[in-house]
Amino acid sequence: MILRQFTCRALITSQLYARIKRQQHFKEMAQPSSDLAAFRKIFSEANSIAIITGAGVSAESGVPTFRGEGGYWRKWQAQQLATPEAFSRNPSRVWEFYHYRREVMRTKDPNPAHLAIAKCEERLSKQGRTVTIITQNIDELHHRAGSKNILEIHGSLFQTRCMSCGHEAANYKSPICAALEGKGAPDPKTDDAEIPVQYLPRCEQTGCHGLLRPAVVWFGETLDSDILTRAEQVLDSCDLCLVVGTSSVVYPAAMFAPQVAARGVPVAEFNMENTPATQRFKFHFHGPCGTTLPPALECHESEPSNTGGLYLPIIRVLNMSSVEKN
Ligand SMILES: [Zn+2]
């Protein structure tokens with residue numbers, strides 16, 4: 001018994017030692033850089049930029065996530081309400097939760113990180129360069145900031161899907177239905193509204209009247225395969241990738257940037273803290289992304305100040321040649 005314990009402990013100790021050595025080695029070999037000028041040079045030469053964004057970007061606009069410490073709506077966290085099972089058990093409660101989240105968004109605005117990304121997309125598109133946002137956020141703040149090229153891999157608070165006919169539609173009504181008016185208060189003492197299912201949001205397709213649900217990806221559900229395919233195409237072809245405000249622990253988004261890095265493409269992380277993937281990336285910029293992102297994405301000295309149509313072919317050729325050289 002003692003021998004077994006010892007052997008076991010020795011094994012664990014040697015495994016632990018090997019792991020620490022590997023981590024040390026990895027740290028020495030692959031400490032990401034926070035050299036903004038070096039990032040900016042690569043940024044200025046990139047033709048196809050993928051920007052993966054997560055909850056951290058929304059958090060800087062004050063959008064609650066209902067996750068982690070203190071992240072509750074009434075007595076529940078998102079993972080208890082954002083599931084197909086919770087919806088089938090208690091559609092009224094789940095709709096109250098989403099109604100509250102939709103109404104909260106009326107008081108929130110895009111922050112400097114959203115705006116920097118949107119301005120960058122607009123400016124670079126005039127130079128024949130593309131910026132694509134792949135976001136886990138469902139709050140549409142990227143849209144509101146003016147971004148166009150957005151893949152919302154977890155759906156949107158402002159889209160509904162019919163449980164009967166499958167029809168999806170944008171829906172910005174406030175309240176989304178009369179019965180939810182004034183409901184959805186987050187206070188833990190609030191009683192459930194217990195709205196009969198026929199008074200919850202219903203499909204308006206002719207002859208359907210099915211129950212609507214928020215068109216967001218719930219826990220335990222798979223991502224829309226078309227959107228996932230498009231995201232993979234962007235990630236496979238990008239020559240620069242930014243990971244902004246995401247902890248890199250939610251799959252499959254957590255796989256995206258490490259996959260890009262594995263292909264030898266520079267990845268820059270902008271986050272409040274190191275993440276499990278930080279060591280795999282070329283750059284890490286620490287701090288609120290509303291502070292770190294705007295100077296990183298502003299107009300580079302090598303960009304033309306006026307990118308009218310006349311410049312387009314020349315810029316394209318220049319950029320292509322710089323990519324081939326690398
Ligand atoms: Zn329907």
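Reply: Start with one idea. A cavity is a set of grid points where a 1.4 Å probe fits but cannot get out, whereas a pocket is an open set. Keep in mind that this is a predicted model.

Me: How many cavities of 30 Å³ or more does a search of the whole structure find?

Reply: The search finds one. The largest cavity holds about 30 Å³ of space.

Me: Which residues line the largest cavity?

Reply: Its lining is made up of Thr-135, Asn-137, Ile-138, Asp-139, Glu-140, Leu-141, His-142, Ile-150 and Glu-152. By class, the lining has three nonpolar, three polar and three charged residues.

Me: Now the pockets. What is the volume of the largest pocket?

Reply: It contains about 1000 Å³ of space. There are 44 residues in its lining. Nearest the centre lie Ala-55, Thr-65, Arg-67, Asn-137 and Val-250.

Me: Which element gives the most to the lining of the largest pocket?

Reply: That is α3, with four residues. At least two residues each come from α3 (55-59), α6 (91-104) and β8 (267-271). Then sort the lining by class: 24 nonpolar, 14 polar and six charged.

Me: What does UniProt say about Tyr-98 and Arg-101?

Reply: An unreviewed UniProt entry annotates them as "binding site". Such annotations may be inferred rather than shown by experiment. In the model, both Tyr-98 and Arg-101 belong to the lining of the largest pocket. Tyr-98 sits in helix α6.

Me: Is Tyr-98 buried or exposed?

Reply: Use the cut-off: buried means under 20% relative accessible area. Tyr-98 has 2%, so it is buried.

Me: Where is the residue that UniProt lists for "active site"?

Reply: The unreviewed entry lists His-154. His-154 is in the loop between β3 and β4. Apply the cut-off again: its relative accessible area is 13%, so His-154 is buried.

Me: What is the volume of the second largest pocket?

Reply: About 280 Å³. Its lining has 17 residues, and Gly-155, Arg-161, Glu-168, Ala-215 and Asp-224 lie nearest the centre. Both β4 (155-162) and β6 (212-216) give two or more residues to this lining. The largest share, four residues, comes from β4. By class there are six nonpolar, five polar and six charged residues.

Me: Next, the metal. Which atoms coordinate the zinc ion?

Reply: To read a metal site, look for the donors, which are N, O and S atoms within a set distance of the metal. Here the donors are the SG atoms of Cys-162, Cys-165, Cys-203 and Cys-208, at 2.2 to 2.4 Å.

Me: What geometry does the site of the zinc ion have?

Reply: Check the angles. Four donors count as tetrahedral if all angles lie between 85 and 135 degrees. The angles among the four donor atoms here are 102 to 116°, and the site is tetrahedral.

Me: How are the donor residues of the zinc ion spaced in sequence?

Reply: The spacing is C-x2-C-x37-C-x4-C.

Me: Are Cys-162 and Cys-203 buried or exposed?

Reply: Both are buried.

Methods. Residues are numbered from 1 along each chain as its sequence is written. This is a predicted model: local features need pLDDT of at least 70, side-chain atom pairs count only at pLDDT 80 or more; totals for chains, interfaces and linings use all residues. Side-chain values use heavy atoms; hydrogens and water are left out. On a 1 Å grid over the protein atoms alone, a cavity is a set of points where a 1.4 Å probe fits but cannot get out, and a pocket is an open set with protein on both sides within 12 Å along at least five of seven lines; lining residues have an atom within 4 Å of a point. Grid points are joined across faces, edges and corners, and a volume is the space filled by probe spheres set on the points. Ala, Val, Leu, Ile, Met, Phe, Trp, Tyr, Cys and Pro count as nonpolar, Asp, Glu, Lys and Arg as charged, and the others, Gly among them, as polar. Donors are N, O and S atoms within 2.8 Å of the metal (3.2 Å for Na, K and Ca); water is not among the atoms, so sites may look incomplete. Four donors count as tetrahedral if all angles lie between 85 and 135 degrees; four count as square planar and six as octahedral if opposite donors are over 155 degrees apart and all others between 65 and 115; anything else is irregular. Buried means under 20% relative accessible area, exposed over 50%, partly exposed in between (1.4 Å probe, protein chains only).
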